[in-house]
Amino acid sequence: MSLCGGSGPAAAPRLRPRAAQMARRPELLCGAAIVLGCAFLVALKVTCSRAKDVTMPAKLPVNFFSTRSPVIDLFRGQLDYADHLRQDSEIVLYFFYAPWCGQSIAAREEIEHVASRLSDQVLFVAVNCWWNQGKCRKQKHFFYFPVIHLYHRSFGPIEYKGPMSAVYIEKFVRRVMTPLLYISSRSKLLDFLSNYEPGVLGYFEFNASPQPPGYLTFFTSALHSLKKDYLGTIRFGVITAKRVAEEISLVQSGSVYLHRHVNTSLIYPSDIMNYTAENICKWALENREMLIRWLRPHGGKSLLLNNELKKGPALLIFIPYNPLAEIHPLLDEITKVALEYHNCNKSQAAEPDLQHLGDTDSPAFDSSVPDAHTKLSETFSITKYPCCNTVVLPQWHSISRTHNVCELCINQTLGVKPNKVHVPHCNFLEIEAALDSFYLQEHTFFQVISNTIECSNFLSFYSPFSYYTACCRTVNRHFLSFSSSEETIFQTPKVAFSSHGKKDNAPHSIPHIEDRNWFIPDLHINGTNITGLSCRTNKTLNLYLLDSNLFWIYAERLGASRSTHLKEFAAIVDLKEEVHYVLDQNQSLVGSTLENFIKNFSVLYSPLKRHLVDDPAVRFHEQRVITEVTTNTFHDTVFRSEKNVLLLYYAQWCGFCASLNHIFIQLARLLPPDNFTVARIDITRNDLPWEFMTDHLPTILFFPHQRKEQSVKFPEDFAVNLPNLLKFILHHSSLSSSEPCTKECLRKETVLQQGHISHLEREIQKLRSEIGALHQAHDQLEAQLAEARREEQRLQQQKHRLEKQHKTLQLHSEQLQATYEQKNQELLEMAEKLQELADASENLLKENTLLRILVASREGKLQSKDEIKESLQSEQTLAEDDDVSVSTAAATLEAKQIDNIDTVETEHSSGNRTE
């Protein structure tokens, strides 16, 4: 009560003098306004500023590896301590991780496995590079985790970017541990050169010095190759014996030799390039021979496969591979096939023996200018024509052009002798120039009515030193026609060959136009027709290997069986033609099956069939209204069915396709199931023959019964609704065929039409009953809506009443508020009066106390007075006359004193009341 009373009116009297003073002095008012404004701005700034950082501090890191692990775990990111540890070790592996990273957690076990095997030779250090207070986080700025760095003494870091698998990591660590292989005998040299991987050999004499000149540079170049080629596809070796080095023509100490199986091996040109580790590594990487490559996609978003497939047709071979195994029989077979495939020079054997060692001294070709009438066997020496191209001539049906197929070969034996090192066997620019020259001189190769092979040499229009050879022959029309019958395709064409004017009319099997054996019967290939096939075909394959233990998901996407236990698979992917072929998985993946697979792809009329990817996740339900079609069921459902088929092409991501589902369900229920099939196919998960593919979704095709080859596409400018689809189906299903219809055909057609009419009448009757039911439902809804409207009106009236009541209550509330304020004011006034009464009572208490004091003093005086009277009475007898005057004077004096005391008390009490 005292608080409520003291806050308002009691403070007002104290503020009035100050307000009056400010009114008399306006500068005080302005100063106070400025001070208040500044205080308000400061308060606003503090209030609207950024809130305090209330995030919890990061928890202290804990051990990522167990304490018993051979890996030293610096979980606080002590990078300086890691560098200190590296100074005392020869080989160090750093494993930078983030504790929350799933890949780091998955790689932890692999690192521990490798450390358990190599901890006595390699120091394994794990560093937490995510702890924000650690030096690793402040100095290293990694964009991904985990990161593996290796150091070989002071050289590094060498980053490992391969699969996070224990066997691959261990293989890479062992490569860093021993970057060089030391070769001291002829047998070790042959083993080194027989490997399919590129090899770099250096010869150094260790007799005079333990570290001969150039050895450290060569050693560092081997480490540099691992830094740039983390897969370790280039092997480095050191020859320590002079007699062994002479086998590959290395005489001087410090010479470097790059071994290549197909092309000519090279010696490092130290007179042209500086002898540095970077230059040696760069020279080896630029000139290496990649007959077969390993592909190791890292699993994230990458263009690795896309970039490789853009280079041309690719043979992808999936095999289980263990990098730590000493022997790989299957890999050796595949390597042998790759060597034979790329071995364009027949005089060079693919087998790893001493013939490899003399290649650098033998000339690439034996040059001699052939005449047009030389012997056929000499003209078609493979060493003289390393690259050929098959040409199908235009307008071959003309009577003046009986030769319609020519074999065009680059003749490098004429003119300037080619360099055996720097000129490749097959050059695209030379082939292009040969084709241009050939078409410009095309008339020189045609003779009227001639069935023999005609061969001629002609000069290039681009270079006066380049000659080309073209041999043309005739292939029958039915052989070149694209007939679907296999008997027609594989029918033996009537081809007449001539050699020195002699005709050979012996029957032959289908000629491989890109194989010179059909042009030269005397030329035989030792062992297999795949030797040098990469240079004798227009469809050269790039060979790739993938580890099926890691990348089997790619094989399954290409068509490999998911239930197979033996993860071996091969497929040819031609990105340009948008096709791929799969090697039959019932056949074992060996060298002979691969050779046949490659040869079947390389022939002009390949017997391989395009593999169509099928969706195995589709489950078929007999009670489905719409039939789900896949690659395997397409022909059975669409072509072999005796029904009219309406096929919808859709995709899971196509939103508009999903909006058509209810229309096709209604259509399937309307059409008679005995004569019509409504189907759909997910075109993104099922491949179809090219003539049935589409690049627009949704697409609707109709296949009429008995005229499936006359499929019709639903017009794109028509709205896809039920009436338009019915009109489209009925119109194209009733079209007559091109053949005249007999009476039996007409009768069947009439019966069919009557059946359609009766079915439609039944469907119309069903629709009418459904319409009647809909009308009844409509009437019920109308009644319900009327009731709802009445209810709405009642609620509106109730709302108005409630609003009036609300207004009345609001008015009462205002009145009560005014009464409350009035009563509150009265209470304040009463409180003031009570305060005054309290003050008065306090004053009265004080006066009462004073009065009591006065009364006590007066009583004391009266008592003393009585005593005086008694003394006076005793003395009165003695002097009454004298005492009378004295007592009278004393009484008068006391009376005056009492009057004075009363006057003072009265003035004091009146003064208190005034205050």
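Buried means a relative accessible area under 20%, exposed means over 50%, and partly exposed is anything in between (1.4 Å probe, protein chains only). Helices (H or I, at least four residues) and strands (E, at least two) are DSSP runs, numbered from the N terminus. This is a predicted model, where local features need pLDDT of at least 70, side-chain atom pairs count only at pLDDT 80 or more, and totals for chains, interfaces and linings use all residues. Residues are numbered from 1 along each chain as its sequence is written, and side-chain values use heavy atoms, with hydrogens and water left out.

- Strands pair here if DSSP finds at least two bridges between them.
- On that basis β9 pairs with strand β7 (residues 199–203) in the antiparallel sense, over 4 bridges.
- β9 also pairs with strand β10 (residues 266–267), again antiparallel, over 2 bridges.
- Y257 takes part in both pairings: it is the bridge partner of L201, and it stands opposite I267 in β10.
- β9 and β10 make a hairpin, with 6 residues between them.

**Helix α5**

- Helix α5 runs over residues 102–118, and its 17 residues should span 24 Å at 1.5 Å a residue; the end C-alpha atoms are 25 Å apart, so the two agree.
- The expected span is 1.5 Å times one less than the number of residues in the helix.
- There's a kink of about 30° in α5, centred on R108.
- The bend at a residue is the angle between axes fitted to the seven residues ending there and the seven starting there.
- S104, A107, I111, V114, A115 and L118 are the buried residues of α5.
- An α-helix has 3.6 residues a turn, so residues three or four places apart point the same way.
- The buried residues of α5 pack against β2 (91–97), β3 (123–128), β4 (147–152) and α7 (166–177), with contact meaning heavy atoms within 4.5 Å.

- A668 sits in helix α22 (residues 661–670) and counts as buried, because its relative accessible area is 17%.
- Leaving out residues up to four places away in sequence, A668 touches V625 and V678.
- A668 and I626 are 42 residues apart in sequence, yet 6.8 Å apart in space, C-alpha to C-alpha.
- N644 is in strand β23 (residues 644–650) and is buried, at 8% relative accessibility.
- Setting aside neighbours within four places in sequence, N644 is in contact with N675, F676, T677, F702, F703, P704, H705 and S733.
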